[in-house]
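Subject: Structure handover

Hi there,

Here is the structure I promised to pass on. Have a look at it first, and my notes follow below.

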Amino acid sequence: MTTTPPSSAFASAFAAVDLGATSGRVILGRVGPDNLDLTEVHRFPNTPVRLPDGLRWDVLALFQGILDGLREAARAGGVASIGVDTWAVDYGLLDADGTLLGHPYHYRDERTDGVAERVWAEVSPEELYGITGLQHLPFNTVFQLASTAGTVQRDVARTLLLVPDLLIHWLTGSIGSEETNASTTGLFDARTGTWSQTLLNRLSLDPALFPPLRAPGDPAGTLLPHVAAYTGLDPRTPVTTVASHDTASAVVAVPATKPGFAYISCGTWSLAGLELDAPVLSEESRAANFTNERGIDGTVRYLRNIMGLWLLEECRRTWDKENLPTLLPTLLADAARAEALASVIDPDAPEFLAPGDMPARIRAYCARTGQRVPGSQGAVVRCVLESLALAHRRTLREAAELAGRDITRVHLVGGGARNDLLCRLTADATGLPVVAGPTEATALGNILVQARAAGLAGDLADMRRLIASTQHLRHYTPRGDSAAWDAAAARLDSAPRNP
């Protein structure tokens, strides 16, 4: 990411508000015919808060961070519009006066444990998938809402806003629901691209809770007077709807210039899959737990969520508490020297979902499955990264088979593209060339959708060509044969499941 001053070659800057699971940023992007520069103007922590009733997002602190970032953007000058992207599934409820009814729950909160069965009693898993095409995850919005049935909060709620829509509401006063994020709720019809009235009726959900849908590129409003006054921005500054699910924005920025590509958006989660023209709603797809989420311009993100670098970050948090080394370059160097494929885990095993002592859980998993228990920090990190590479391999092979597509290369974007060892292991495991980068894919996708709405960027293919020609990319060629990876995959497949 460049930090050069604005050039006269750029018309104006677009402000990307990009919130991840651990931090938020406001990034300015300047777009020209052959140039695309990013400047981070503000970064702030995203620290969940454990309250007596569960794990919550501190959404007020996040909004203050956004306001402070927009004030820094105003000082840089020339903000043409603002776009907001965040993670998916979590939401806030507003009462009839538009007041937020408590901080939004964190998707890792335990309140959805066992709730899916209550939903399936009304709508079978097969029927639910046939409508939504959504991968089963215990924290999908549909299950979160089911967990609130009969509560005072639900009884008085009049509007549901997913997190990016809530933040846009606080910036502009407008109400709407962006479609790429809406498609992750388990209440969105994958065929029609609308809220599923069938599901809302069957699950006794008031259709009025769910706002009108917006598409990426639609106007979302202009700044409220007090927001403009605090930030120093012109009150006429537009807020533009972008692909507000951060993965959808990241996929916009996949620098693919030819067909036959797969993508991995790698950060806290690894989202691995294909870009399709239509959803895959077969029973085989449901059984394989693939999701059909909305992408830009009516595309479908056919993918599976894989527990990503969250595993490594949780290890580092534990080691920090134990006063052990946590510098990532040191840990990765130690991992590179550790024995290859000595032990592997299923990153999506339920025991790895919640925060806590991840190294102990990894060792317990390896012991339970009869594998060598990693002793050193380097061995634990190697186990995590090789397990992610194996999960990438398994997911992409299954996606290609289920969708009837051939994959010729893999684009790995997001923060994980900085992890040289993970990129190399992914190339080796998949047997496919890997193109790593851009690392700031989410912010780039956010900014390019804004630029297109302003008439400064072309169609999706044009946006991707601009990414490919302006961003730093690294290339990895598979090394060696696949026998060792095949053996590790077979060992993992035959391992006993946690009872």
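Strand β2 (residues 23–32) is mostly covered, with 10 of its 10 residues buried (under 20% relative accessible area, 1.4 Å probe, protein chains only; exposed is over 50%, partly exposed in between). Strands (E, at least two residues) and helices (H or I, at least four) are DSSP runs numbered from the N terminus. This is a predicted model, in which local features need pLDDT of at least 70 and side-chain atom pairs count only at pLDDT 80 or more, while totals for chains, interfaces and linings use all residues. Residues are numbered from 1 along each chain as its sequence is written, and side-chain values use heavy atoms, leaving out hydrogens and water.

β2 pairs antiparallel with strand β1 (residues 13–19) over 7 bridges; pairing takes at least two DSSP bridges. The two form a hairpin with 3 residues between them, and V17 stands opposite V26. On to strand β3 (residues 35–45): 10 bridges join it to β2, again antiparallel, and G32 stands opposite N35.

**Salt bridges**

The whole structure holds 28 salt bridges (a Lys or Arg side-chain nitrogen within 4 Å of an Asp or Glu carboxyl oxygen). One of them joins E126 to R286, with the closest N and O atoms 3.5 Å apart. That pair links helix α3 (residues 125–132) to helix α11 (residues 283–287), 160 residues apart in the chain. D420 and R424 meet at 2.9 Å, N to O, and both lie in helix α16 (residues 420–430). There is also a salt-bridge network of D18, R25, E40, R43, R418 and E440.

Best wishes
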